[in-house]
Amino acid sequence: MSRRTLPTAALTALCLGVLSSAAGQGRLPPVPPLAPALTVPERLDATGVLAAGPALPAEDAALVFDPGVVALTDPAQPTLDAVPARRVVQPGASVPGTPADLNASITVRYGPGTPAAVLLLMPGYLGGAGSFDRLARQIVTLHPTWAVWALDRRSNLLEDHSALLGRDIPTLQRIVRSGLPARPASSLPFMKDWGLDTTLRDWHEAVLEARKLTPNVFIGGHSMGGTLTGLYAAYDFGGVAGERDVRGLIMLDGLPGLMSGTP
């Protein structure tokens, strides 16, 4: 493994991962005594021993990525990466004044194309489908006949990812600090009509698509997504309550009424 700086948290995770792996094989490596304080930045030399190194510039010290460390601390990653995933953009609710390509229902679909069950997950406030990437892959790994569809809200289509694709870590660090240019509100007047009705109807289109594959359809969400899950179940979709479309609800750190002050 090459010499790369590691923040203390990453070093701790690495040590715990090595100890856990060795314990599972009935052996433990020798554990050096803890120093009262770690030199900053910490380094691992070629043998994996902690060593001191020269300080990095502040702009480079925030995050350093080493694939070798990831492989040691997260041995499950290759298995999770093997889970098939595809992004699907299909027609959503039609909102007058909205460009046709933005009237969309977006899902990132993990798992088989003909699943025995589908779980559709709504992200939380300021979240997106990527919020569920690892969880979705874990679920499909444990239950290969299930599919997890993580939702993007249509506002995610307004994000320009071109500045992020194929960039190295230092460039991404600078983008995190400086941000990306925001679109002027005057260029997006149609968003004023993207309310709760639009969000739930876009979700409804994805649920109906899942029901073409299996009757075992479940919905869930995290935080605000959990609140939206409860609202979906109670919503009137053309005279049919949303709960008729699904077998169950999963709410992660969210519940109906959470944002109203009277849950």
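Visitor: Is E209 buried, partly exposed or exposed, and what is its relative accessible area?
Guide: In this predicted model, E209 has a relative accessible area of 26%, so it counts as partly exposed.

Visitor: What does E209 form a salt bridge with?
Guide: With K212; their closest N and O atoms are 3.5 Å apart. K212 is exposed, at a relative accessible area of 65%.

Visitor: How many salt bridges does a search of the whole structure find?
Guide: Seven. One of them joins the side chains of R201 and D197, at 2.8 Å from N to O. Those two lie in helix 7, four residues apart, about one turn of the helix.

Visitor: What about R137, which residue does it form a salt bridge with?
Guide: D133, with the closest N and O atoms 3.2 Å apart. They're four residues apart in helix 5, so about one helical turn separates them. R137 is buried, with a relative accessible area of 12%, while D133 is partly exposed at 27%.

Visitor: OK, switching to the nonpolar side. Which residues of the largest nonpolar core touch the most other members?
Guide: L120, W203, V207, I219 and Y232, out of 18 residues in that core. Strand 6, strand 7, helix 7, strand 8 and helix 8 each supply at least two residues. Helix 7 gives the most, five residues.

Visitor: Where does V207 lie, and what does it touch beyond its sequence neighbours?
Guide: V207 lies in helix 7. Not counting residues up to four places away in sequence, V207 touches L120, V217, I219, Y232, D245 and V246. At 0% relative accessibility, V207 counts as buried, the cut-off being under 20%.

Visitor: Which residues of helix 7 and helix 8 meet?
Guide: From helix 7, L196, T199, L200, W203, H204 and V207; from helix 8, L228, T229, L231 and Y232. By class, this contact has seven nonpolar, three polar and no charged residues.

Technical notes: Residues are numbered from 1 along each chain as its sequence is written. This is a predicted model: local features need pLDDT of at least 70, side-chain atom pairs count only at pLDDT 80 or more; totals for chains, interfaces and linings use all residues. Side-chain values use heavy atoms; hydrogens and water are left out. A nonpolar core is a set of buried Ala, Val, Leu, Ile, Met, Phe, Trp, Tyr and Cys residues joined through side-chain atoms within 4.5 Å. Buried means under 20% relative accessible area, exposed over 50%, partly exposed in between (1.4 Å probe, protein chains only). Contact means heavy atoms within 4.5 Å. Ala, Val, Leu, Ile, Met, Phe, Trp, Tyr, Cys and Pro count as nonpolar, Asp, Glu, Lys and Arg as charged, and the others, Gly among them, as polar. A salt bridge is a side-chain nitrogen of Lys or Arg within 4 Å of a carboxyl oxygen of Asp or Glu.
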